[in-house]
Amino acid sequence: MKYLIIVIHLLIFCACSGQKTESPVEGQLSEESVVVVSPLSEVETYYLEHKQDSIIGSSKGSVSNGSLENGTLLAFEGANFQYFDTTSYLGGRAFTHQLVARTILDTYKILAATSKRKWFLMELSNEHGGKIFPHRTHQNGMSVDFMSPLKKDGEDYVELDNTGAQHYMLEFDNDGKLKDNPSISLDFDQIAHHLIVLDEQARKHGLKIEKVIFKMELRDELFATPYGKKMLEKNIYVTRNLTPLINSLHDDHYHVDFKRM
Ligand SMILES: [Zn+2]
């Protein structure tokens with residue numbers, strides 16, 4: 001089922017990727033007249049045109065039936081973070097509430113002091129919120145998907161971080177090991193550390209984590225780590241009742257819903 005949903009997702013991405021820069025046909029243009037526009041330049045331009053980060057945004061309704069006014073577009077990348085997919089970004093799926101954006105960015109700044117890892121964000125919300133297929137939530141700018149950090153032989157493993165939308169297709173067993181290569185596994189302690197800092201920074205902006213959606217069979221592994229134990233002390237809520245489909249989708253990433261305190 002995960003595979004089917006993700007294939008549909010990829011088709012949506014492909015359908016909205018009409019803004020790709022066309023490469024000049026070799027021999028048609030002189031070298032001087034060719035202006036090569038890299039994907040990074042394209043996302044930078046998109047960011048500058050849409051960021052609106054000085055305007056206070058507002059969330060209407062709920063994460064599953066809501067909208068977003070004056071959403072903030074996150075930068076495609078920063079010192080230690082990056083959005084996961086260019087097509088998704090240019091498709092307008094990286095908007096969020098302004099306070100959520102500040103929470104995300106402040107969290108990455110703090111993590112930079114203790115970790116060399118580059119963190120990856122996955123999908124957020126549409127510019128004006130509302131339905132964003134195939135997500136059931138993400139409608140009012142308070143939902144964020146974060147890519148699960150991976151490890152291999154005790155070290156950060158980053159080879160799969162740049163696989164774009166296909167990252168949603170990765171599947172892990174109930175111990176958090178990648179099904180295609182069990183030597184690669186979810187880094188539960190880093191996930192828990194990220195969530196703790198995220199909740200602390202959210203509170204500085206008048207928000208808190210309402211809930212974390214993460215595959216239920218992986219909760220024990222998460223809470224067994226040093227930072228996972230602190231998560232329990234801080235009562236950061238990780239959902240216990242998920243439908244089989246939603247449950248199976250949340251291993252390569254974890255979903256966070258924020259709410260105002
Ligand atoms: Zn999500």
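Mentor: Start with K51, which lies in the loop between helix 2 (39–50) and strand 1 (58–62). Helices (H or I, at least four residues) and strands (E, at least two) are DSSP runs, numbered from the N terminus. Residues are numbered from 1 along each chain as its sequence is written. This is a predicted model: local features need pLDDT of at least 70, side-chain atom pairs count only at pLDDT 80 or more, and totals for chains, interfaces and linings use all residues.

Trainee: Why is K51 classed as partly exposed?

Mentor: Because K51 has 16 other C-beta atoms within 10 Å. A residue is buried if 20 or more other C-beta atoms lie within 10 Å of its own, exposed if 12 or fewer, and partly exposed in between; C-beta atoms are placed from the backbone.

Trainee: Which residues does K51 touch, leaving out those up to four places away in sequence?

Mentor: T72 and L73. Contact here has a cut-off: the two C-beta atoms, placed from the backbone, lie within 7 Å. K51 and L73 are 22 residues apart in sequence, yet their C-alpha atoms are 4.7 Å apart in space.

Trainee: Zoom out. How many helices and strands does the protein chain have?

Mentor: The protein chain has 8 helices and 14 strands. Of its 261 residues, 38% are buried. Take the contacts with a separation of 6 or more: 75% of them join residues 24 or more positions apart.

Trainee: Helices next. At what angle do helix 4 and helix 5 pack?

Mentor: About 125°, with the axes of helix 4 (residues 98–112) and helix 5 (residues 188–204) 9 Å apart. That makes helix 4 oblique to helix 5. Axes are lines fitted to C-alpha atoms, for helices over the stretch in contact, and angles run from 0 to 180 degrees between N-to-C directions. Angles under 35 degrees count as roughly parallel, over 145 as roughly antiparallel, 65 to 115 as roughly perpendicular and the rest as oblique.

Trainee: Is the crossing of helix 4 and helix 5 left-handed or right-handed?

Mentor: Right-handed. A crossing is right-handed if the near helix is turned clockwise from the far one by less than a right angle, and left-handed if anticlockwise.

Trainee: Which residues meet there?

Mentor: From helix 4, T103, D106, T107, I110 and L111; from helix 5, H194, V197, L198, Q201 and A202. By class, this contact of helix 4 with helix 5 has 5 nonpolar, 4 polar and 1 charged residues. Ala, Val, Leu, Ile, Met, Phe, Trp, Tyr, Cys and Pro count as nonpolar, Asp, Glu, Lys and Arg as charged, and the others, Gly among them, as polar.

Trainee: Now strands. Is strand 8 mostly covered or mostly open?

Mentor: Mostly covered: 5 of the 5 residues in strand 8 (residues 143–147) are buried. S143, D145 and M147 sit on one side, V144 and F146 on the other.

Trainee: Which strand do 5 bridges join to strand 8?

Mentor: Strand 14 (residues 253–260), and the two run antiparallel. Strands pair if DSSP finds at least two bridges between them. D145 has H255 as its bridge partner, and F146 has Y254.
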